[in-house]
Amino acid sequence: HFDRVRALGIGPTYQRLLHIGPGTYSEVKAVREVFAPISHTVMTLSADEVGPIREAGFECELGDMHDAPFENGSFDLIFSNNVLEHAIAPHMALLEHRRMLAPGGYFYAIVPTFETPGGVYTPWHVYCFNEPTWRELFRKAGFAIDRFVTVTETLPGGGRESYFHIRAQAVDPPTPHDEILRRISEL
């Protein structure tokens with residue numbers, strides 16, 4: 001995925017990066033290499049990941065993408081790779097991401113499409129949306145998508161992997177979602 005992120009262009013320089021749900025230390029290292037932030041914070045839902053990530057020299061917090069332990073506007077970039085499809089409430093997760101972004105900050109998400117084996121049918125994926133649905137959820141949560149790319153490749157043996165790469169900038173959400181974000185931000 002990170003070669004694709006580089007090829008698609010990553011946009012402006014990011015000072016403060018939040019990396020959500022990395023799964024492995026190698027992903028944390030790759031994100032640092034691609035985005036080269038001044039500050040790189042990792043948030044994971046897995047208590048087993050916190051220690052090894054901290055031992056590798058990264059700031060790591062235990063937290064949930066629906067209710068993260070960070071102040072409003074704390075980050076310039078939020079990155080998640082194969083995380084949003086696990087959200088219990090995708091709209092709330094996106095509003096929480098928007099809350100944590102500084103004005104004009106970016107969210108870069110990679111999510112599986114329906115064409116990816118297990119994209120819809122794996123027991124771990126709660127949602128697998130199509131492009132119009134993702135676009136509308138991002139809009140309602142206060143994001144202006146500036147890059148939405150479908151990346152598909154054929155794997156050895158003939159299988160296919162297909163993912164959406166979504167880069168969106170934090171903007172004011174439309175009514176009534178602006179009121180929901182305001183209330184979340186006040187909590």
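**Sheet and helix packing in the predicted model**

Within the protein chain of this predicted model, confidence is lowest in helix α1 (residues 2–8), with a mean of 72, and highest in helix α5 (residues 131–141), at 97. These values are pLDDT, the predictor's confidence in each residue on a scale from 0 to 100. The chain has a mean pLDDT of 89, and 94% of its residues reach 70 or more. Helices (H or I, at least four residues) and strands (E, at least two) are DSSP runs, numbered from the N terminus. Residues are numbered from 1 along each chain as its sequence is written, and side-chain values use heavy atoms, with hydrogens and water left out. Local features need pLDDT of at least 70 and side-chain atom pairs count only at pLDDT 80 or more, whereas totals for chains, interfaces and linings use all residues.

Seven strands form an open sheet with mixed pairing, in the order β3-β2-β1-β4-β5-β7-β6; two strands pair if DSSP finds at least two bridges between them. The edge strands, each pairing on one side only, are β3 (59–62) and β6. On average, neighbouring strands of the sheet are turned by 15 degrees against each other, direction ignored. Strands β1 (residues 16–20) and β4 (residues 75–81) run parallel and are joined by four bridges. Leu18 stands opposite Ile78 in β4.

Strands β6 (residues 143–154) and β7 (residues 160–170) run antiparallel, with 11 bridges between them. Phe143 has Ala170 of β7 as its bridge partner. Five residues lie between the strands of this hairpin, in which Gly157 takes a positive phi near 95 degrees.

Helix α3 (residues 47–55) lies across β2 (39–44) and β3, and runs at about 165 degrees to β3. Angles run from 0 to 180 degrees between N-to-C directions, and axes are lines fitted to C-alpha atoms, for helices over the stretch in contact.

The axes of helix α4 (residues 90–100) and α5 come within 9 Å and cross at roughly 45 degrees. Helix α4 is therefore oblique to α5, since angles under 35 degrees count as roughly parallel, over 145 as roughly antiparallel, 65 to 115 as roughly perpendicular and the rest as oblique. The contact (heavy atoms within 4.5 Å) is made by Pro90, His91, Leu94, Leu95 and Arg98 of α4 and by Leu137, Phe138, Lys140 and Ala141 of α5. By class, the contact of α4 with α5 has six nonpolar, one polar and two charged residues. Here Ala, Val, Leu, Ile, Met, Phe, Trp, Tyr, Cys and Pro count as nonpolar, Asp, Glu, Lys and Arg as charged, and the others, Gly among them, as polar.
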